[in-house]
Amino acid sequence: GSSGSSGPDVRRDKPVTGEQIEVFANKLGEQWKILAPYLEMKDSEIRQIECDSEDMKMRAKQLLVAWQDQEGVHATPENLINALNKSGLSDLAESLTNDNETNSSGPSSG
């Protein structure tokens with residue numbers, strides 16, 4: 001195994017990291033339920049997430065973690081972006097692709 005990679009470079013063919021899941025879950029929020037079916041989540045799994053947590057961001061995170069669990073090495077940002085585009089949440093997909101340019105962005109209203 002080789003180590004010593006520096007800088008947060010987003011490789012879209014590598015599985016999403018815990019940090020990416022954290023950040024993305026915050027953006028996803030209550031829209032997690034729109035995305036869930038496109039991540040191959042069953043109704044029972046969606047209900048389970050709802051039972052597990054009251055907090056929207058926690059639910060979003062659990063969805064992503066469950067998806068990552070299920071997809072393994074295929075749980076890449078690219079696949080997530082594809083699912084977002086299909087579900088009509090393509091504005092969130094943008095946040096995934098250019099999240100390396102979040103230097104000075106004010107709070108977004110919406």
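Good morning. Please bear in mind throughout that the model is predicted.

What does Glu45 pair with? Glu45 forms a salt bridge with Lys42, and the closest N and O atoms of this pair are 3.9 Å apart. As background, side chains of opposite charge can pair when their charged atoms come close.

How many salt bridges does a search of the whole structure find? The search returns three. Let me turn to Glu22 and Lys61, whose salt bridge has its closest N and O atoms 2.8 Å apart. This pair links distant parts of the chain, since Glu22 belongs to helix α1 and Lys61 to helix α4, 39 residues apart. Glu22 has 38% relative accessibility and therefore counts as partly exposed. Lys61, at 25% relative accessibility, also counts as partly exposed.

There is also the salt bridge between Glu50 and Lys33, with the closest N and O atoms 3.0 Å apart. Glu50 lies in helix α3 and Lys33 in helix α2, so this pair ties together parts 17 residues apart in sequence. Glu50 is partly exposed, with a relative accessible area of 24%, and Lys33 is partly exposed as well, with 44%.

I now come to the overall architecture. The protein contains six helices and zero strands, and from the N terminus on its elements run α-α-α-α-α-α. Of its 110 residues, 30% count as buried. The accessible surface comes to about 7300 Å², and carbon and sulfur atoms hold 44% of that area.

Next, the interior. In soluble globular proteins, nonpolar side chains tend to be buried together. Here, the largest nonpolar core has 25 residues, and those with the most contacts inside it are Phe24, Leu28, Leu35, Leu39, Leu63, Leu80 and Leu84. Which helices each supply at least two residues of this core? They are α1 (18-28), α2 (32-35), α3 (43-52), α4 (56-71), α5 (77-87) and α6 (90-97).

Phe24 deserves a separate word. Leaving aside neighbours within four places in sequence, which residues is Phe24 in contact with? They are Leu35, Leu64, Leu80, Leu84, Leu92, Ser95 and Leu96.

Finally, a figure for the protein as a whole: among contacts with a separation of 6 or more, 69% are between residues 24 or more positions apart. Thank you for your attention.

Note on methods
Residues numbered from 1 in each chain as written. Predicted model: local features only at pLDDT ≥ 70, side-chain atom pairs only at ≥ 80, totals over all residues. Heavy atoms only, no water. Core = buried A, V, L, I, M, F, W, Y, C linked by side-chain atoms within 4.5 Å. Buried < 20%, exposed > 50% of the residue type's maximum accessible area, 1.4 Å probe, protein only. Helix = DSSP H or I, 4+ residues; strand = E, 2+ residues; numbered from the N terminus. Contact = heavy atoms within 4.5 Å. Salt bridge = Lys/Arg side-chain N within 4 Å of Asp/Glu carboxyl O. Areas by Shrake-Rupley, 256 points an atom, 1.4 Å probe, with all protein chains shown as cover.
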